Structure formats: C-alpha cells, structure tokens
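Please read the points below with the sequence and the model open side by side.

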Amino acid sequence: MLMKRLIVTIDGPSGAGKTTVSRILARRLGYRYIDTGALYRGVALAAISSGLSPDDDSGLKKLCDTLKMNFVRDEKGSRLVLNDSDITDHIRTPEITMFASAVSARPVVRNFLLNLQRDLGKEKGVVFEGRDMGTVVFPNADVKFFLDASQKTRAQRRYEEFKSVNPQSFEAVERDMRRRDNNDSTRDLAPLKPAEDAILIDSTDLTIETVVDRMMAVIETIH
C-alpha cells in the first residue's frame, strides 16, 4: 500500500476500458473511484427531465444551481445520487450519452462540475476517470494516464456491454461513438486529448489486468 496519497487521472474516449480499469486500480490502491462522466450524464438526465435543450445556457445555469450530486457506496458499488435519488441505472441510454456529450461543451455545466470534481479530490487518494481530468480539472495530478483503443475495438466493447439493455445494432453503436468522438475532440472548451505529461496506453490488444498492472508499475515508482 502506498504511504503517499495521490490523485490519479485516467482520460480517454468511450469504450477504451476506463471504467473497468479505474475501478480495479482504485480497489488495488485502496482509493476512492470517481466516474466524472456519470456527473455529466446526471446533468443531462436532469436537463432532459426539465425539458431543456443542450444549448440553453440560461436554463442550464438555473438547473445546475439546484443540483446536488454525490457518490455513495453500497453492495452494488459506487452509486450516483442526484438530489437524494439514485440515478445510476438511468444514465446509460443512447439519448443520455449524446445529450451529455452536448452539454459537456457548455461553459456553465463545465464550471459547475469543475468545482464539484475539485472538491472531491481535496483529500487525494482518488482515481478520477474522465475526458479532461489531466488537462483541465487536475493539471497538477500526481499521475496521469490516457487510455485508448481502436475505434472498432471500442465500439465492440460498448456494444457487448449494453446489448442486453440497449436494442441498438453494432453499426448504430459505432456510428454514435464516431459522432461522440468527433464532438468531444473538436469542441473549443476542454477538448478530449492527452495531457502533455500523460502516459499513453493502447488497450486494443491488452487485457484489463495487463493495463492495471502497467498503471500500478508507474504509480509504485512515486514516493
């Protein structure tokens, strides 16, 4: 077990394996795990429920002022609670995914979640998973990783993960992923890209355990 408590960030596109890797890494380190993408999905769910469009900055600002989000642990693992309601099982639909990608480009939403995310990292000992953790939210993080994989591999993983609850075809999943990749990487505000000092890992041909082992080897060099 590490004596020094660190902030570890894992950025990358959807389907790269960030969630699984981050959870296992946090467990091995004895750290908290924070899925920041879930926070954007939480805002998206609240916005859709309120009938807002993703470019309604005024409406989004008012909405964010009313939102309280935090993660709690139970027998199912880490759960996202929004205004006292567990929304974990309601934020993984294609509609929420695309809406979250759209609102993540709005400064009012990013500013709201920036403060929330930094509050969650104040005590360190945290693994943050997201898209701009190492570039914007925690530019001085102790360790930064950027996890990627080929688009075909990422689409296949996402299709297999949700095919039991999501009626989309593989082609539709890949099309949505390509569109989201483009949205996330070309937006003006906090585009998806590796931090200059991030360690790049391509998981296309690697097992989850191999990826985690590589990350642990890096982290264990920090004293």
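1. Contact here means heavy atoms within 4.5 Å. Helices (H or I, at least four residues) and strands (E, at least two) are DSSP runs, numbered from the N terminus. By these terms, the buried residues of α1 pack against β1 (7-11), β2 (32-35), β6 (126-130), β7 (143-148) and α9 (208-219).

2. This is a predicted model, in which local features need pLDDT of at least 70 and side-chain atom pairs count only at pLDDT 80 or more, while totals for chains, interfaces and linings use all residues. Residues are numbered from 1 along each chain as its sequence is written, and side-chain values use heavy atoms, with hydrogens and water left out.

3. An open sheet of five strands runs in the order β2-β6-β1-β7-β8, with parallel pairing. Two strands pair if DSSP finds at least two bridges between them. At the edges stand β2 and β8, each of which pairs on one side only. From one strand to the next, the twist averages 20°. Helix α2 packs on this sheet, touching β2 and β6, and its direction makes about 40° with that of β2. Such angles run from 0 to 180 degrees between N-to-C directions, with axes fitted as lines to C-alpha atoms, for helices over the stretch in contact.

4. Within that sheet, five bridges join β1 to β6, and aspartate 11 stands opposite glycine 130 in β6. Four bridges join β1 to β7, where threonine 9 stands opposite lysine 144. The strands β7 and β8 also pair over four bridges, with aspartate 148 opposite aspartate 202 in β8.

5. Is β1 enclosed, or is it open? Buried means under 20% relative accessible area, exposed over 50%, and partly exposed in between (1.4 Å probe, protein chains only). Five of the five residues of β1 are buried, so the strand is largely enclosed by the rest of the structure. Ile7, Thr9 and Asp11 point one way from β1, while Val8 and Ile10 point the other way.

6. Helix α1 covers residues 18-29, has 12 residues and reaches 16 Å from its first C-alpha to its last, close to the 16 Å expected at 1.5 Å a residue. The expected span is 1.5 Å times one less than the number of residues. Buried residues of α1 are Lys18, Val21, Ser22, Ile24, Leu25, Ala26 and Leu29. Just after the helix, glycine 30 takes a positive phi of about 75°.

7. Helix α2 covers residues 36-49; its 14 residues reach 20 Å from the first C-alpha to the last, close to the 20 Å expected. It is mostly covered, with 12 of its 14 residues buried; among them are Leu39, Tyr40 and Arg41. At the start of α2, a side-chain oxygen of aspartate 35 reaches to within 3.1 Å of the backbone nitrogen of glycine 37. Just after α2, glycine 51 takes a positive phi of about 75°.

8. Three other strands form an open sheet in the order β3-β4-β5, with antiparallel pairing. Each of the edge strands, β3 (69-74) and β5 (85-86), has a single partner strand, so one side of each is left without a neighbour in the sheet. Two bridges join β4 (residues 77-82) to β5, and leucine 82 stands opposite serine 85.

9. Where is serine 203 placed? It is in the loop between β8 (199-202) and α9. At 2% relative accessibility, serine 203 counts as buried. Its side chain reaches the backbone oxygen of alanine 16 at 2.9 Å. Not counting residues up to four places away in sequence, serine 203 touches Ala16, Leu147, Asp148, Ala149, Arg157 and Val211.

10. A search of the whole structure finds two aromatic pairs. Rings of Phe, Tyr and Trp (its six-membered ring) pair if their centres lie within 6.5 Å; planes under 30 degrees apart count as stacked, over 60 as edge-to-face and the rest as tilted. The rings of phenylalanine 128 and phenylalanine 138 have centres 4.6 Å apart and planes at 40°, so this pair is tilted. Both residues are buried. Tyrosine 159 and phenylalanine 170 form an edge-to-face pair, 6.1 Å centre to centre with 90° between the planes. Tyrosine 159 lies in helix α7 (residues 151-162) and phenylalanine 170 in helix α8 (residues 170-186), so the pair ties together parts that are 11 residues apart in sequence.

Note on methods: A polar contact is a pair of N or O atoms within 3.5 Å; within protein, one must be able to donate a hydrogen and the other to accept it, and residues adjacent in sequence count only if both atoms are side-chain atoms.
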